[in-house]
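Here are some notes to read alongside the model. Keep the viewer open and go through the points in order.

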Amino acid sequence: MATADVTILGAGVFGLSIAFCCAQRGARVRVIDPAGIASGSSGGIVGALAPHTPDLWLPKKQFQLESLLYSRSFWSEVETMSGLPTGFANHGRLQPINEERLIALALSRVVDAAQNWGDVAVWEVISATKAGEWAPPSATGQLIHDTLSAHIHPQQATQALGQAVENLGGVITSAGARQGAIVDARGWQGLVEISETLGQEIGNGVKGQAALLDFARPGEPQLFADGLHIVPHLDGTVAIGSTSERYFKSPTDTDGQLNDLIAKAKKLFPVLRDAPVLARWAGVRPRASTRAPMLGAHPVNPGWFIANGGFKIGFGMAPKIGQVMAALILDGEDHIPDDFRASASMT
């Protein structure tokens, strides 16, 4: 590629999704990442695509809803274009209701979901016996079941995205000229660099540790209980995650906190008790100070764009972010919620 219409710094899920959406529209795309595809938190193993609760509706929740719905066709297109699996599946989620007083709250959200999600997904309260063996323990015997939640295999999905970008004529490289529109999608280290330049913290990194178990439950919903995500991947593994560590020495080393997480998961879900651990993973997730993605005009470099701060909802937001950023970069159409702009993190 002699020249590029769009140069993206960072080959995580945000950068690759923007590259894919731009390349689909015929733009010449270059993605630059010295460490390669998904070398940071986008190369994880959990992949829980879970929505916020359907009450107290906000632009952030609307954006996430639209992105989760778009995910169903987005990842299918990625698989078709790349010929590789992404691990995406829309199998919903189960959560326990452990206090009687919370049953009424959960039931009130049935109405909120009908109003804010419409007929595209359901939030309901069901008996734990209905869910069978694959269910979180519930002190009340009641569970929240939603059909909007999905899951994905992050490592598979990012490799498929990278291949799709290249199959569309894009270039992914460790170094190269910054040409055309420049998008900064460098993850947590990019946020730290910008914060240091501005002299105020607009974002940071939060480490997470997770494990992959040899336990096959493809087709089942993901589970969420006591802060744990249990994700049954399509490849016959189950992911457990994750810790949240604001302060850490090594961004990629696992330690006793993960051992405790695995022990907690096996105690909470006895069905996993004898499942061998296949892999241990750690990485640092980029967290903007608003806890929302940071999109649009770059806060430091005039004329640049930024797409960062996915934190725990990055994969769920990435399809819509790719679409919205492509429209901004290629057409000048700005559909970014005000809460997502860098200026929101600087107030």
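1. A word on the source. This is a predicted model, in which local features need pLDDT of at least 70 and side-chain atom pairs count only at pLDDT 80 or more, while totals for chains, interfaces and linings use all residues. Numbering starts from 1 along each chain as its sequence is written, and side-chain values use heavy atoms, with hydrogens and water left out. Helices (H or I, at least four residues) and strands (E, at least two) are DSSP runs, numbered from the N terminus.

2. α1 and α8. Two packed helices are described by the angle between their axes and the distance between the axes. Axes here are lines fitted to C-alpha atoms, for helices over the stretch in contact, and angles run from 0 to 180 degrees between N-to-C directions. For α1 and α8 the angle is about 45°, with the axes 8 Å apart. That makes the two helices oblique to each other (under 35 degrees counts as roughly parallel, over 145 as roughly antiparallel, 65 to 115 as roughly perpendicular, and the rest as oblique). Contact means heavy atoms within 4.5 Å.

3. α5 and its surroundings. Helix α5 covers residues 154–167, which is 14 residues. From first C-alpha to last, α5 reaches 20 Å, close to the 20 Å expected at 1.5 Å a residue (the expected span is 1.5 Å times one less than the number of residues). Its buried residues are Pro154, Ala157, Thr158, Ala160, Leu161, Gly162, Ala164 and Val165, where buried means under 20% relative accessible area, exposed over 50% and partly exposed in between (1.4 Å probe, protein chains only). What covers them includes α1, α2, β8 and α8. Just after the helix, Gly169 takes a positive phi of about 100°.

4. α2 against α5. Here the angle is about 60°, with the axes 8 Å apart, and α2 and α5 are again oblique to each other. This crossing is left-handed. Phe74, Trp75, Val78, Met81 and Ser82 come from α2, and they meet Ala157, Ala160, Leu161, Gln163, Ala164 and Asn167 in α5.

5. Thr7. Have a look at strand β1 (residues 6–9), where Thr7 lies. Thr7 counts as buried because its relative accessible area is 0%. A polar atom of its side chain lies 2.6 Å from the backbone oxygen of Gln179. Setting aside residues up to four places away in sequence, Thr7 touches several others, among them Arg30, Ile32 and Val183.

6. Gln209. You'll find this one in strand β10 (residues 203–213). Gln209 is buried too, since its relative accessible area is 0%. Which side chains does the side chain of Gln209 make polar contacts with? One is Glu245, at 2.8 Å, and another is Asp255, at 3.0 Å. A polar contact is a pair of N or O atoms within 3.5 Å; within protein, one must be able to donate a hydrogen and the other to accept it, and residues adjacent in sequence count only if both atoms are side-chain atoms. Other residues in contact with Gln209 include Leu258, Leu261 and Trp281.

7. Val122. This residue sits in the loop between α3 (101–116) and β5 (123–127). Val122 is partly exposed, because its relative accessible area is 40%. Beyond its neighbours within four places in sequence, Val122 is in contact with Trp117, His145, Asp146 and Thr147.

8. Glu333 is in the segment after α8 and is partly exposed, at 39% relative accessible area. Its side chain makes a polar contact of 3.4 Å with the side chain of His335. Ala297, in strand β15 (residues 294–297), counts as exposed, with 56% relative accessibility. Not counting residues up to four places away in sequence, Ala297 touches Trp304, Ile306 and Ala342.

Technical notes. A crossing is left-handed if the near helix is turned anticlockwise from the far one by less than a right angle, and right-handed if clockwise.
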